[in-house]
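Open your viewer and get your selection tool ready. We will walk through the aromatic rings and then the nonpolar cores.

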Amino acid sequence: MKKICLVGSSGGHLTHLELLKPFWKQYDRFWVTFPKEDAKSYLKDEKMYPCYYPTNRNLHNLVRNTVLAFKIIKKERPDIIISSGAAVAVPFFYIGKLFGAKTIYVEVFDRVDAPTLTGKLVYPITDLFIVQWESMKKIYPKAKNFGGIF
C-alpha cells in the first residue's frame with residue numbers, strides 16, 4: 001500500500017489538504033504541520049509530526065525544517081508527498097525527491113493571477129502541479145487545472 005505524507009501549515013493550508021480526503025483516506029499516511037490548536041484538534045486521530053514555525057522568510061526555521069524533513073522522510077519513506085503550502089512544504093518536496101517520492105502540489109484557491117512563493121519554489125521539481133483557475137496556467141504552463149476543490 002502506498003504511503004502518503006501530507007505537509008502544510010495549519011489553518012487554510014490544512015483545510016485544503018482536508019478537502020482532498022476522498023483521495024488520501026484509503027492510504028497509510030502521516031501529516032507534518034504546525035503544532036497549533038486547529039491542527040492538533042483536527043489531526044487528533046492521525047499520525048502527525050510537528051514542524052517549526054514561523055516559516056515565511058525565516059531562514060533559521062527553514063534549516064530546522066530541512067533537517068526535520070530528512071529525518072522524517074528517511075524514517076517514513078513516503079511514496080507521495082502532497083501539499084498546498086506554505087513554506088514548510090519546500091524542504092519536504094526537495095528531500096522527498098532525493099528519496100524517490102512523487103510530489104503533488106495544489107496551488108491555493110485564492111491565487112487567480114499571481115503565484116505563491118512556495119509554488120514558485122516547488123514547481124520545477126513537482127510531479128503533478130495543480131491549479132484551481134485556468135488563468136494560473138499562464139504562470140505554471142505544465143500545471144493541471146482541476147478546478148476549485150471547495
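Predicted model: local features only at pLDDT ≥ 70, side-chain atom pairs only at ≥ 80, totals over all residues.

Residues are numbered from 1 along each chain as its sequence is written, and side-chain values use heavy atoms, without hydrogens and water.

Next, select W31 and Y42. Their rings form an edge-to-face pair, 5.9 Å centre to centre with 85° between the planes (centres of Phe, Tyr or six-membered Trp rings within 6.5 Å; under 30 degrees is stacked, over 60 edge-to-face, the rest tilted). W31 is buried at 0% relative accessibility, whereas Y42 is partly exposed at 32%.

Now display F93, Y105, Y123, F129 and Y140, which ring pairs link into a cluster. While there, find K142 over the face of Y123, 5.1 Å from the ring centre (NZ of Lys or CZ of Arg within 6 Å of the centre and within 35 degrees of the ring normal).

Which residues touch the most other members of the largest nonpolar core? Among its 27 residues, pick V7, V32, F92 and F129. Such a core joins buried Ala, Val, Leu, Ile, Met, Phe, Trp, Tyr and Cys residues through side-chain atoms within 4.5 Å. Last stop: a second, separate core of 15 residues, including W24, L43, V106 and I149.

Key. Buried < 20%, exposed > 50% of the residue type's maximum accessible area, 1.4 Å probe, protein only.
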